[in-house]
Amino acid sequence: EFFEEDVININVGGLRRRLSSSALSKFPDTRLGRLLSCDSEESILQLCDDYDVSAREFYFDRNPGFFLYVLHFYQTGKLHVMEELCVFSFCQEIEYWGINEFFLDSCCSYRYHERKLESRHHNWDEESEVSSVDTSPDEISDINHDLLRYSTLRCGNIRKRLWLTMENPGYSIPSKLFSFVSISVVLVSIATMCIHSMPEYQEMDENGNVLDEPVLHKLEYFCISWFTFEVSSRLLLSPNPRKFFKHPLNLIDIVSVLPFYFTLLVDVTMGSDSELGNLGKVVQVFRLMRIFRVLKLARHSTGLRSLGATLKHSYREVGILLLYLAVGVSVFSGVAYTAEKEEDVGFDTIPACWWWGTVSMTTVGYGDVVPVTVAGKLAASGCILGGILVVALPITIIFNKFSHFYRKQKGADMGGCSWARRSCLCHCCILEISTVGRAAREPSDDWSQPGSACGLLPP
C-alpha cells in the first residue's frame, strides 16, 4: 500500500507542501485525488512526473504559483482565478489538475468567462484578418482550374490575358482602364435615363406622345452597344460557358441589356406603345428595368459584392427582423384601430392601419396618418419605441458579417490579382525554359565550332 499514512508530500516546481489524504479524497476526480487510488509505481508515474520512494514524495513539473490556488481549492472547495496567467494558460492548468471550471467562486466566475469570451472574439478577428490577406485554397483551385482550360483552347494564351483583363481590375493597367470605362458608361446610362424623365428634356409629337431627345437617344444607343460588347466578350472569352451563366454578376449584365432589345423588337414588329394597349404597359415596365444597370457597379465595387454576400448569409437574421416587424405591426395596428376607428382620421380598417404601423415601427414617420386620441398616441409611442428596439437587435450581427465578408472579399481580390500575375509569369517562364531545353537538345551541324554539342569532335 502506497498511502498508509494520512499525509502525502507534494513537490510542485520546488514548492513543497504536505496534504492530508482526507482533503484529497473529497475530490476523487482530480489528479491528486486519483493519486490516492494508485496501487503501483507505474500508475503513480502516469499521474506525476517523478516519485521518490524513500521520501514518499511526488514531483510535478508545473507552475508553483498556481499550485497555491490548487491548495486553496482543496481546503475550501472553491477555485479562484490567477490574474498573472492568461485565460488559456489558466484553462490548461485547471485541466491538468483535473479541476472543473464550475468550481470557480462567484467573485471570479463572471470575470473569467468575460475574459474567455473576449479572447475568442480576438481570435476570430485575427482569423478574419488572415483570411483577408490570403486567398482561400478553394478559390485558388477554381482559378487554377479555369486557367488550365485555356491550354486546350485555340489562341488560349491571348484569350486568357483578355479574360483576366476584363474580369480582374487589378491585373494590369489596361484592365484598370477597362474597368474605369465600364463604370463611366454605367453612370452615363443611369444619368441619361434620369434626365429623360425630366419634362424640360422631353419632346412631343403631334399626337402627344413622348419622343426621345436626340442627344439622349444617341447616348442610350452608345451605352447599350458597350454593354452588349462587354457581355458578349465575357461570354466568348470565358473558359467555362456553363459557369458563366451561373455567376450572379454575369446574369446582371444579361438582364441589363435584355429590356432594350425586347422593347426594340416590339416597336419594330408591332408599333409604338400607344398602339399596343396592355402590351404597351409591359413594354414600359421593361424600359423601367433599365434601372437595374446600376447593379453592374457591383462587378467593380467590393462593398456591393460584400453586401450581397452578407444578405445571402444573413437570411436568418433578416427573417427574424421581418418576423419581429410583422408581429409589432399587427399588434399596434389592432390597438390603433380600436382607439381611432371612430375619429375618421384614416384608421378605418386594420389593413389600413398596417401602413401606419409599418411606417411608425421603421421610424420613417410620413405623417400622412396620425392618431388624435390619447390611447392612439400611447399606442403610437409604443410602436415607435418597439420599432427602435426590434430594428436594432439584429443589426450588430449583420454588421459583423458585413465587415467579415468585406475583408475577405478585399483579400480575395488582392490575392487573385497577385496569383494571376504569378500564374502568367510562371507560364511564360515554362515556355522559355522549354524553348531553351529544346534548343539544347538539338544537335549542332558544325562539330568543329567551339561550344558545339557536348564540346566533342566526331570520331
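How many residues apart are Glu230 and Arg234 in helix 10? Four, so about one helical turn separates Glu230 from Arg234. Before you click further, note that this is a predicted model.

**Stop 1: helix 10**

Select residues 214–237, which make up helix 10. Show the side chains of Glu230 and Arg234. They meet in a salt bridge, with N and O 2.8 Å apart. Colour by accessibility next. Glu230 is buried, because its relative accessibility is 1% and the cut-off for buried is under 20%. Arg234 also counts as buried, at 1%. Glu230, Arg234 and Asp253 are linked in a network of salt bridges.

**Stop 2: Arg62 and Glu93**

The structure holds five salt bridges. Side chains of opposite charge can pair when their charged atoms come close. For another pair, select Arg62 and Glu93. Their closest N and O atoms are 3.3 Å apart, and the two form a salt bridge. Arg62 sits in the loop between strand 4 (57–60) and helix 4 (64–76), while Glu93 belongs to helix 5 (residues 87–96), so this pair ties together parts that are 31 residues apart in sequence. Check the accessibility of each partner. Arg62 is partly exposed, at 25% relative accessibility. Glu93 is buried, at 10%.

**Stop 3: Glu83 and Arg111**

Select Glu83 and Arg111. Their side chains meet in a salt bridge, at 2.8 Å from N to O. Here too the pair links distant parts of the chain, 28 residues apart. Glu83 is in the loop between helix 4 and helix 5. Arg111 is in helix 6, residues 106–133. Glu83 is partly exposed, with a relative accessible area of 44%. Arg111 is partly exposed as well, at 31% relative accessibility.

**Stop 4: the annotated transmembrane regions**

Which residues does UniProt place under the feature "transmembrane region"? The unreviewed entry gives 318–339 and 378–399. Select residues 318–339. The span is 100% helix and 0% strand. Its end C-alpha atoms lie 31 Å apart. Then select residues 378–399. This span is 91% helix and 0% strand. Its end C-alpha atoms lie 32 Å apart.

**Stop 5: a nonpolar surface patch**

Switch to a surface view. Select Ile320, Leu323, Tyr324, Val327, Val331, Val335 and Leu393. Together they form a nonpolar patch on the surface, with about 620 Å² of accessible area. Zoom in on Leu393. This residue is in the loop between helix 17 (374–392) and helix 18 (395–441). Is Leu393 buried or exposed? Leu393 is exposed, with a relative accessible area of 56%.

**Stop 6: Glu340**

Go to Glu340, which is in helix 15. Glu340 is buried, at a relative accessible area of 1%. The C-alpha atoms of Glu340 and Val370 are separated by 9.5 Å. Along the chain, Glu340 and Val370 are 30 residues apart.

**Stop 7: a negative surface patch**

Select Glu342, Glu343, Asp344 and Asp348. They form a negative surface patch. Take Glu343 from this group. Glu343 is in the loop between helix 15 (315–340) and helix 16 (350–361). Its relative accessibility is 39%, so Glu343 counts as partly exposed. Now move to Asp344, also found in the loop between helix 15 and helix 16. Asp344 counts as exposed, at 65% relative accessibility. Look at the backbone here. Phi of Asp344 is near 55°, a positive value in a residue other than glycine.

**Stop 8: Thr363**

End the tour at Thr363, in the loop between helix 16 and helix 17. What is the phi of Thr363? The angle is positive, about 55°, although Thr363 is not a glycine. Thr363 is partly exposed, with a relative accessible area of 47%.

Conventions. Residues numbered from 1 in each chain as written. Predicted model: local features only at pLDDT ≥ 70, side-chain atom pairs only at ≥ 80, totals over all residues. Heavy atoms only, no water. Patch = residues over 30% accessible without salt bridge, like charges linked within 9 Å, V, L, I, M, F, W, Y side chains within 5 Å. Areas by Shrake-Rupley, 256 points an atom, 1.4 Å probe, with all protein chains shown as cover. Salt bridge = Lys/Arg side-chain N within 4 Å of Asp/Glu carboxyl O. Lys, Arg positive; Asp, Glu negative; His and termini not counted. Charge placed at Lys NZ, Arg CZ, Asp CG, Glu CD. Helix = DSSP H or I, 4+ residues; strand = E, 2+ residues; numbered from the N terminus. Buried < 20%, exposed > 50% of the residue type's maximum accessible area, 1.4 Å probe, protein only. UniProt positions renumbered as here; feature names shortened; annotations may be inferred.
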